[in-house]
Amino acid sequence: MDIERFGEQGIRIIFGQAIDDATHESVRRFFLYTSSLRIPGITEIIPSFRSCLISYDRERVGFEDLSELLGEMEDDWREMSLPDVRRMEIPVRYGGDYGPDMDFVCSYSGLSPEDVVEIHAGATYRVYALGFMPGFPYLGPLDRRIYVPRQETPVLKVPQGSVGIAQLQTGIYPFESPAGWRVIGRTMVRLFDHLNPPFSLLNFGDIVRFVRA
């Protein structure tokens with residue numbers, strides 16, 4: 001793993017250059033192990049595709065000391081047993097008014113709408129990261145047969161629950177919002193509820209499968 005400074009009160013731990021299961025497993029092991037220690041001075045640990053971002057209070061701990069401690073822990077977190085992942089099914093209504101970009105995806109890929117749905121709903125995806133907005137899951141990997149580029153100009157608004165694809169990822173918009181991904185469907189499942197802990201339906205590391213509604 002590589003340790004580097006990130007701003008004035010951050011450390012980024014990088015575990016690989018590829019977005020794949022092996023790198024994800026390293027990120028997950030490190031995140032779970034380090035979070036369990038409640039190290040004094042660390043204020044937040046955020047896992048992502050290939051890295052973890054650690055925010056710390058520099059009045060309580062310095063960059064050099066914390067970096068040294070994190071490096072010394074590598075053998076410990078690599079040997080820890082991972083808990084089982086959660087598996088979730090998300091019902092989706094594809095195409096038509098629910099998936100306004102389905103025609104573009106078909107034109108770009110040369111596939112029929114039925115093919116696109118079969119491929120998208122026929123795979124399982126990992127939650128590699130949460131971000132952009134509360135509860136937005138970055139899911140992958142997407143089958144290369146339905147690879148499409150992002151919108152050249154993001155649309156100003158898509159409905160809550162819109163399911164989009166872009167490059168080799170798929171995701172779900174938890175709220176009505178601007179969007180840069182190609183929307184192929186919509187789910188009525190609520191992904192984020194600020195009144196009900198733990199707030200986000202999906203968490204880092206979960207396995208997700210889409211089901212045609």
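Let me begin with a definition: a residue counts as exposed when its relative accessible area is over 50%, as buried when that area is under 20%, and as partly exposed in between. Please keep those cut-offs in mind, and remember that the model we are looking at today is predicted.

Is D143 buried, partly exposed or exposed? With 26% relative accessibility, D143 is partly exposed.

Side chains of opposite charge can pair when their charged atoms come close. In this model the count of salt bridges comes to ten.

Please find R5 on your screens. The side chain of R5 forms a salt bridge with that of E64, with 3.8 Å between N and O. R5 belongs to strand 1, residues 2–5, while E64 belongs to helix 2, residues 63–72, so this pair ties together parts that lie 59 residues apart in sequence. As for the surface, R5 is partly exposed at 46%, and E64 is exposed at 53%.

The other pair is R86 and D206. How far apart are their closest N and O atoms? In this salt bridge the answer is 2.6 Å. R86 sits in the loop between helix 3 (74–79) and strand 5 (87–94), and D206 sits in the loop between strand 12 (182–186) and strand 13 (207–212), so the pair links parts 120 residues apart in sequence. Here the two partners fall into separate classes: R86, at 35% relative accessibility, is partly exposed, whereas D206, at 4%, is buried.

Let's move on to empty space. Rolling a probe the size of a water molecule over the atoms shows where such space is left. The largest pocket in this model has a volume of about 260 Å³. Which elements give two or more residues to its lining? They are helix 1 (21–37) and strand 3 (42–47). In total, 15 residues line this pocket, and those nearest its centre are F31, P47, L130, N203 and F204.

What kinds of residues make up that lining? Ten are nonpolar, five are polar, and none is charged.

Key: Residues are numbered from 1 along each chain as its sequence is written. This is a predicted model: local features need pLDDT of at least 70, side-chain atom pairs count only at pLDDT 80 or more; totals for chains, interfaces and linings use all residues. Side-chain values use heavy atoms; hydrogens and water are left out. On a 1 Å grid over the protein atoms alone, a cavity is a set of points where a 1.4 Å probe fits but cannot get out, and a pocket is an open set with protein on both sides within 12 Å along at least five of seven lines; lining residues have an atom within 4 Å of a point. Grid points are joined across faces, edges and corners, and a volume is the space filled by probe spheres set on the points. Helices (H or I, at least four residues) and strands (E, at least two) are DSSP runs, numbered from the N terminus. Ala, Val, Leu, Ile, Met, Phe, Trp, Tyr, Cys and Pro count as nonpolar, Asp, Glu, Lys and Arg as charged, and the others, Gly among them, as polar. A salt bridge is a side-chain nitrogen of Lys or Arg within 4 Å of a carboxyl oxygen of Asp or Glu. Buried means under 20% relative accessible area, exposed over 50%, partly exposed in between (1.4 Å probe, protein chains only).
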